[in-house]
Amino acid sequence: MLPTIQEVKEKHQAAILKIEGVISIGVGLKKDKTPAIIVGLKQENQDTIRSIPSVLDGYPVEIQIIGSIKAQ
Amino acid sequence: MNSDISKVREILKATRKRLSDNPDVVATGIGYKIVDGKKTSDLSITCSVKRKLPGSQLLKKDIIASSVDGIPTDVIQTGVIRAFMANTGRIRPAPGGISIGHINITAGTLGCLVKKNNEVYILSNNHVLANENNGQIGDPILQPGPYDGGLYPGDHIADLYQFIPINFSDAPHKCSTVNGIAGFLNGLAKMVNSSARFRTYSVQAVDNLVDAAIAKPFNISDVTGEILEIGTIQGTVSGELGMAIKKSGRTTGLTTGEIAQIDVSVTVSYGDNKTALFVDQLMAGAMSQGGDSGSAVLNADNKLTGLLFAGSDSTTIINRIENVFTALGLSI
């Protein structure tokens, strides 16, 4: 059986979160409503973006610039 | 020159829209012109602006003419005009959505009422009711919060009863072996011509699920189960992708959004280089600002789905209510 998107995200999240500039990883929908692993960055940074795979175990990865997340 | 007030009214009526098109103008009206701080007997069209600047710092089109159809203008600085928000005032009985805070913090939001062992408690965040782990059980909770003028003992509404400690991530590690490994990985990163760097963390004993705390009201008649602009809670629901949600908070009042991500792991900043990793969070678009922390998040049917605690300019981060209830042993 293929792993679920949640399982794939769990498997890779520690490595993804270690990349400088990455602030979040979650499961969401792309504009076309298909599921994707969504990686949030503090700011636009081509080096960070290049370090993130575009596909993880068959699931697409989408990058979003979300800024710094602060307790409110 | 004294102008007839009815004539000034006519002129204001005719020019009001054009004056208000100026982005700095927040109000227009009729008043006696003030010269050198003294009120004169001349009627003027008074334009209130966010910030009064010399003409040299303004675009030509944004300079307010010294007179309009023969009536002098007066420009006064009033700042942005906001509706008086009940959310920052003192309210008894206190509903959800208003200012609250531990005696040593600024202010956050009273989320809602919850039950534990058949007693009623106020639910909000650890960083609102327990001062980021620094609070002691029994510490006074003020409504409104200290930043909004809440004072002890007059505004003392509840006592801190229980909180879930936040596990903060350590600052980048000093351990030479760990740094050695990071250095090696960073070296590799350099070799593949990337400036991405690997950071070193000490492993968290427990990943954070919630930023949550409860406080026991002194007097049950000082609180109400209502949430401002929302009403009463109709049970709970597990947050799902695409779910429409709303919250009522101290700073931005009633706002709505949609759950855009689930299973979110996110690094949250608590100021002064203090960060904490949270897992199993919900993420929505922008629907909150500082001071909204602790807001209850509900779906369209007023079912409670989360506890708001963090955000960026474009996102809002929400604890799942099931994790909050399990951690603190709560029910509705």
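**Exercise 1. Find which residue of chain B stands opposite K70(A), and describe the strand pairing around it.**

Step 1: go to strand 18 of chain B, where G311(B) stands opposite K70(A). Helices (H or I, at least four residues) and strands (E, at least two) are DSSP runs, numbered from the N terminus.

Step 2: look at the two strands. Strand 5 of chain A and strand 18 (residues 304-311) of chain B pair in the antiparallel sense, over 2 bridges. Pairing here asks for at least two DSSP bridges between the strands.

A word on the model before going on: it's predicted, so local features need pLDDT of at least 70 and side-chain atom pairs count only at pLDDT 80 or more, while totals for chains, interfaces and linings use all residues. Residues are numbered from 1 along each chain as its sequence is written, chains are lettered from A and ligands numbered from 1 in the order in which they are written, and side-chain values use heavy atoms, with hydrogens and water left out.

**Exercise 2. Describe the interface of chain A and chain B.**

Step 1: count the residues. On chain A, 28 residues are in contact with 36 residues of chain B, contact being heavy atoms within 4.5 Å.

Step 2: get the area. About 2500 Å² is buried between the two chains, and carbon and sulfur atoms give 48% of that. Buried area is the accessible area (1.4 Å probe) lost when two parts are put together, summed over both.

Step 3: see what chain A brings. Elements giving two or more residues to its side include helix 1 (5-17), strand 1 (22-29) and helix 2 (46-51). Strand 1 of chain A gives the largest share, 8 residues. By type, chain A's side splits into 12 nonpolar, 11 polar and 5 charged residues; Ala, Val, Leu, Ile, Met, Phe, Trp, Tyr, Cys and Pro count as nonpolar, Asp, Glu, Lys and Arg as charged, and the others, Gly among them, as polar.

**Exercise 3. Work out how strand 4 of chain A pairs with strand 2 and strand 3 of chain A.**

Step 1: take strand 2 (residues 35-41). It runs parallel to strand 4, joined by 5 bridges. V39(A) has I63(A) as its bridge partner.

Step 2: take strand 3 (residues 55-56). Here 2 bridges join antiparallel strands, and L56(A) partners Y59(A).

Step 3: inspect the hairpin of strands 3 and 4. There are 2 residues between the strands, and D57(A) takes a positive phi near 45 degrees.
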